[in-house]
Structure formats: structure tokens, C-alpha cells
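Please look at the two chains shown below before reading on.

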Amino acid sequence: MKEKIESILNKYNNDPSRLMDILLDIMENSGYVDEFSISVIAESLNISVAQVKETISFYHFFSEKPRAKYNIFLNNSITSCLRGFKEVKEAFETEAGTSFGNLTEDGLIGLYETSCIGMNDQGPAAIINDKIFTNLTPYRARKIINDIKAGKKLEELVYENHGDGNNAHPLMNTMVYNHIRKKSILLDENYEKFDVIKNELKNISPQELIQTIEDSNLRGRGGAGFPTGLKWKFGSRMPGEHRVIICNADEGEPGTFKDRVMLTQFNDLVFEGMVLAAYATKADIGVLYLRYEYKYMLNYLNSVLDNMRKENLLGEDISGIEGFKFDIRIQLGAGAYVCGEESALIESMEGKRGEPRDKPPFPVEKGYMDYPTIVNNVETLASAVKIAKNGAKWYNSFGTKDSLGTKLLSVSGDCRFPGIYEVEWGTSIREVLEMAGAHNVQAVQVGGPSGTLVNVKDIDNLSKTELMKWYKPSGMMTAQTAFDRKLSYSDLPTGGSIIIFNKDRDILREVVMNFMDFFIEESCGSCSTCRNLPRIMKEKLEKIINGHGVRDDIDDLLNWGKIIKLSRCGLGQTAANPILSSILNFRHLYEDHVMAMTDYDNQFDIVKSVSPANSFVGRKFIHNHS
Amino acid sequence: MSKKIIATTSLAGCFGCHMSILDIDERILDLIELVEFNKSPVDDIKTFTKQVDIGIIEGGCCNSENVEVLKSFRDNCDILISLGECAIMGGLPAMRNGIPIEECIHEAYINGPTVKLNEEKILPNDAELPMLLDNVYPCHEIVKIDYFLPGCPPRADLIWDALVALITGNEMDLPYEVVKFD
């Protein structure tokens, strides 16, 4: 046992900043990280036991308790719930004979719920021992459990061999489908791979490349919308022994799965984009931070990197450019939504809890290991390649005056064709709904749970330019009209997630409650605002749903929603958005529930409240008080 | 202008907030010009004798008597103010909320290091005694509270300013130092 741990530690040179990888290896080896392993790790890395434990306890996919031989992580995100999560969960529980959060007595099967795993277009989905199982039904769930009990291997549990495109690659071999529904300039398959590195880079200077990206007006596609060219320019000017390019592939916003498709089908563009960013900023370290849920891609992506090294597209003197040295490693996450925030992601890469850092300094000044670090989204990097190839002017011919280029939308929920749609900026939601085959629509969640719940009545009133603002991440706080005021809440990191709800859905009970559970589960716990407010706001919402609400409760929710803006990171600041945005756009739902004639309801029951103490001291409740 | 009528009480509190009321020092003479006190420890009036304008509550609710008094304040006062940490959040008494009530009683009457004279291990259960609640509750979870004055205790100036604002109908000046969480 000790030897095994030591060999893992040696593999990472006893480097405490690689604690994530060390723990991942031990999880894969033993299924959990026990006290003994923790003490060996702490001693060898010369860090405290508490430091090891705080990292373990932060991530969903680490455990200090033994896990089962087969661990089923069933996704509980809203799209999963719309497509029968509850029934599938019950089927798993009944057939396995245990409830979620527990193992079967023989330690064969463990059942766990997990937040969005990026399979919203084919849910309910589960991860079983790192393998993805999509489109689950109660029948499939029972079959899987029976097959496990019958001693079948993991590979034999699969009921469909593989999905389309690279999902069928032997190293990937997953039943996941890409579901690409609309292609434009980014998803266009007619291009030569690594053309820019091979043929263009040697003809342009880093400054020229940065200028091209700046001229293209490309903005961060992860949602924060920071101008990419500017970020590269800042990064290139920061002094540092090394510079770092990080590709953020930790898409955890429920309803977002575009990075999954990009990494499956267009990973060469993503890696090429990282090389371009490195060339522009003279960076030498490259890291792709891949969320644990996409571990099934790991071997395949590593093979792509190996091929790039063979072709001299990574390594020393890349593509014959003297002194251009850059390589990419893949850092696996371990299940934490907040790690999508760039400074939390960097903390995680350094082997720590994924808690956002105070800013400034920004990552571009002091990031990974205090080196100047540029964190770009998957889609941003891939877009940069297209721009470098075809020029800023070409890119500026797409989109609208304020927002140029195209955007990948992850469309899911109540529609016939969930999947990835590449649209030009300025496309209206109504058009998206038509493309996706959505009927009888009641509401659309734009930008995931931290975004805005749009009432379909408002969609009809939207002009194209106004629609564009739904994705435009900042500068909306000053908007004047009543309609624009709603938009101030979509000042958020969104990856273009669109979740559609039809008229049969109970917005408050099904949708808003699900989103609040998500934020409660995923808060990193650092700021008291984000740690506590979502919980007490959800309790208030429950009170309203259960018919005990009063008008003041709605005002309380709105007022408390202002306080949460004091949280350190964007994720915490937007954690109340499901409630705030549904009050703004669906206020009648709240007003229908609250009592019109009462201005106070406390739900306090004195008889119930005194009974534990009374029964302990041997006393009856006598109603001698008024 | 007729004098405003004020009532005050201390529930599960330490009377520190009432001390803070007295800390307005000689301004209490000005206050007497503006208000008259009804039910309050200040003048020892035990029951309401008329409808009151402003009720000031110190402390949260830990037993049935607290609840009864608080409800009588709500019934008899037009405006209720939660004064101080215990009224607003439960305060120190609420530290028992994480501990089962049976353990609390046992510690207080049987096991505690200061328990010397209870050889018969009697747990108080006389019908005259208030009944313990399962938790210590902040006042606004029992009745509607109109205003909250934070602090442990709230500063005398804050109490003074709040009362003057309420009585004169002017807006209150609340600089950051006054409302910051301690």
C-alpha cells in the first residue's frame, strides 16, 4: 500500500502543487483516500494533513470514505429532471436496494447525485466509473443494476456502442453524441488542421498576431467577455520567468455543453489556439484544465497532443520558429463548479481548494505559480485560430455592430432538437426556438442558472440588437428602460446556455428550486453571503410555495439579493439570480402564492416548540396563556 | 403634539440593551419631554394601560413567557423595534440551538459543575414556570418586527437617533460605522 502511494508521489516528484493529480491517481487506484494515505501524502509533500484533507473535501469526485466497485453518479440538473430524473433515480434505488448517497451492503454499487455533467442534450445521464451513460430510462437503470449484479464488466453495461464523429474513436469510445445542429465559421469542417502554426506563424510577429486579435474584437466566450486581444497584450508585457496559457475547459454552468463538442470534434483548433496564444505572449507553459466529468476524453486528447509533438507543433523550436518553446499538459479537475472561475481554476491547478482569489492581482499579472497567466475559454481559443487564418476584417463581417463573430449556443430542455447551434451574434431567441423545434414555450433560461429567466411574452418584443445584449456580459447596469433593467442581472459569466421550458412546467417548484439547490451545493463556502443567502432564500421560496408567504417575503428576497453581490467572485454574486430573475419576469407566480390579506405569517407553533422540553421534564402543555 | 408613548421589555437578553438606553445620559431629560413610558422596566409598569406608539424589544424568545410578552407587545404597540443582537439574531442564548434541549436541561440541573443542591435530581416542571422552547428564536420569527437596531449593545447614540427619527418623522442618518456587522 505504502509503496503504491510512494510510486504515485514519485511520479509527480513529490510536488505539492500536483496534489490534484496525486489524489486522482489514488482515487483511481484505491477508490478512496484513507487516513493512512493522507498521512503519507502530507509527510512526503511536506504539507499538513489538514491541507490534504481540505483539498479532498472540496471536490465531488474525491472521497475519504470507501466507495463502491461501481459508482453511479446521476446528474440532477434541471434538464435531467425535465426528462425523467426522478423515475430513473427511483429505479436505481429500488433495483440496487439502497438510497442515493449510500453504498449497497456488499460494496458493489454506490449511488450519488451530481451536478451538471455537460450532457443536457441527452439526459438523464450518469457517470459510472468514469464512463458516460446517456438517455437513461427506468428500464435502462434497472438493466444496468442487474447487469452489474450479474457480474458483467463496465464495457458490457453499455447499450449503444458509440456516438457520432470522434465519439467513436477507439480511445474515446463513448455513447455520447455531438448533436451539432447548426454550423457556421467555427464549426465549419473545411479547413486544414494546424495550418496557422505550420504556414502562417513564421510570417507574422507576436505583436502583429495580438493586433489581429484586437482588431477582430474577439471577446472571451466563457461569458465574462473580456477582450481577448487586450488580455494577450497585458500578458505579453508582464515580466516573469515563465508565462502560462490555460485553456478553461471546466464548463460547469448547467445547460452548457459546447466545450464538450469542441473538444471532441475540434480539439485541434483548441490546441492550435493555445499555441497561437503562446506565440503571441511568449508563454512556455500550457495547461488544458479539463473537468473531471469529461475524463472519458483524456486518453484521446493526450493522443492528439502526442501527435502534435511528433509533428513539431509542440515542444522546442515549434514549426521551425527558433526559440519558440511551448508544451501542453492536461490537468484534470475533480468536480467543482466554482473552478470555472479563472482564479479558482488556478488554485485548483496548484493542488488547493478551488476558492476564487482576491483581485487584484489578476491572473494575467500573477496567476499559476505567480507567473503571468492567460486563461481563455475553449471557444475563444478556437475562434482565435479562425481569425488568425482569415483576418480580423473577415471576422468582423459576422455578427452585429457591437458584438462581432459567432457564438456557440448549448440548447436543451423542452425542444425537439437539443444540441449545439453556432449562430451569429444578433440572432433572436425566437429564431433559436424555431431552429430547436420548441413549441408551447413558457420560459427560456438564458445563460444558465446564473443568467436570466426570460418570459416568453417578452421574447416577442425583442429586437435583434436587444437580444444580443442577453449575452453581452457587462456594461448593462446603466440601462434605462424597464426591459433593460432585467438585463442588469445577466451581467454574468455565461457560455451561451439556453434551456427551454414549456407551459406544463412549474417554474418555481421545478426550475427555480432546482437552480437554488445547485448554488447551495456548489458554493465554495468562502464568503458568508454566497454560503448562507441561497439557503435562506430557498427556505423563503419554499415558504411562499407552501402558501405561507406574504407580500413582504417577495420584497425580502429582492433586498437580500442585493447583499449577495458582496461575494468575492461572479459565481457567488449571481447565486441568487434564479429567484431574482424569476421575480422580475414571473412576479405573478409569486403573487399567486402569497396571502393577500395577511401581512405576517411566522409558521411558529408554540405547542410543537415547547413539547420536547415539556416531555423531558414530565409536563403537559396547558394553554394558560392567551 | 401629544407625547409619544413608549414601552420596553427584556426577553432572553441581559439587560445590556436597556443599560444602553440609559446611556443616553442627560438627554433622557429631553426624551421625557418628548415621550411618556408605559409598560417598561424603566418605570416598573407591569402591564399595558393604553395603546403604545413604540415598543422596544431586547432579547429573543427562549420560553413561552417570552412569546407571550412579545405577542402582547405586538398587540399593544403600533411600531415594534428589535433592539440588539439577541432580539435580532437570538444572540448568545441561541448558542444552545445546536444542542438537544434534553442535554441543556440535564447540564443545567443535574450535571453542571455548579449544581450542588439537587440530590433528588429534580427537573423543574411546576405549572407556574415558563416552558422552554425547542430553540431560541429571534423576535421577527415570532411576530412582525418593523425596525432592527443592531449592536451588542446598540450604541446609545443609535438608540437616541432612532427614537428621535421615529418621533419627529425624519429620516435617520445611518453611517456605515453604525450598522456594520461586528
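Helix α6 (residues 156–168) of chain B lies across β1, β2, β3 (52–58), β5 (77–83) and β7 of chain B, and its direction is at about 155° to β7(B). Here helices (H or I, at least four residues) and strands (E, at least two) are DSSP runs numbered from the N terminus, while axes are lines fitted to C-alpha atoms, for helices over the stretch in contact, with angles that run from 0 to 180 degrees between N-to-C directions. This is a predicted model, in which local features need pLDDT of at least 70 and side-chain atom pairs count only at pLDDT 80 or more, whereas totals for chains, interfaces and linings use all residues. Residues are numbered from 1 along each chain as its sequence is written, and chains are lettered from A and ligands numbered from 1 in the order in which they are written.

The strands under discussion form an open sheet of five, with the order β2-β1-β3-β5-β7 (chain B) and parallel pairing; two strands pair if DSSP finds at least two bridges between them. At the edges are β2 (35–37) and β7 (147–149) of chain B, each of which pairs on one side only. On average, and with direction ignored, neighbouring strands of this sheet are turned by 30° against each other.

The pairings can be followed across the sheet. Strand β1 (residues 4–10) of chain B pairs with β2(B) in the parallel sense over three bridges, and K4(B) has V35(B) in β2(B) as its bridge partner. Between β3(B) and β5(B), which are also parallel, there are six bridges, and G55(B) stands opposite L80(B) in β5(B). Three bridges then join β5(B) to β7(B), again running parallel, with S82(B) opposite F148(B) in β7(B). β5(B) is mostly covered, five of its seven residues being buried, where buried means that 20 or more other C-beta atoms lie within 10 Å of a residue's own, exposed that 12 or fewer do, and partly exposed that the count is in between, with C-beta atoms placed from the backbone.

Chain B also meets chain A: 17 residues of chain B are in contact with 18 residues of chain A, two residues being in contact if their C-beta atoms, placed from the backbone, lie within 7 Å. On the side of chain B that touches chain A, α3 (64–76), α5 (101–111) and β6 (132–137) of chain B each supply at least two residues.

Chain A itself comes to 28 helices and 14 strands. Along its principal axes the C-alpha trace of chain A spans about 90 × 65 × 45 Å, and 51% of its 626 residues count as buried.

One helix of chain A, α13 (residues 267–281), has 15 residues and reaches 21 Å from its first C-alpha to its last, close to the 21 Å expected at 1.5 Å a residue; the expected span is 1.5 Å times one less than the number of residues. α13(A) is mostly covered, with 14 of its 15 residues buried, and just after α13(A) comes K282(A), which takes a positive phi of about 55°.

Elsewhere in chain A, R505(A) lies in the loop between β14 (497–502) and α22 (507–522) of chain A. R505(A) is partly exposed, because 19 other C-beta atoms lie within 10 Å. Leaving aside neighbours within four places in sequence, R505(A) is in contact with Q442(A), E510(A) and V511(A). R505(A) and L82(A) are 423 residues apart in sequence, yet 8.5 Å apart in space, C-alpha to C-alpha.
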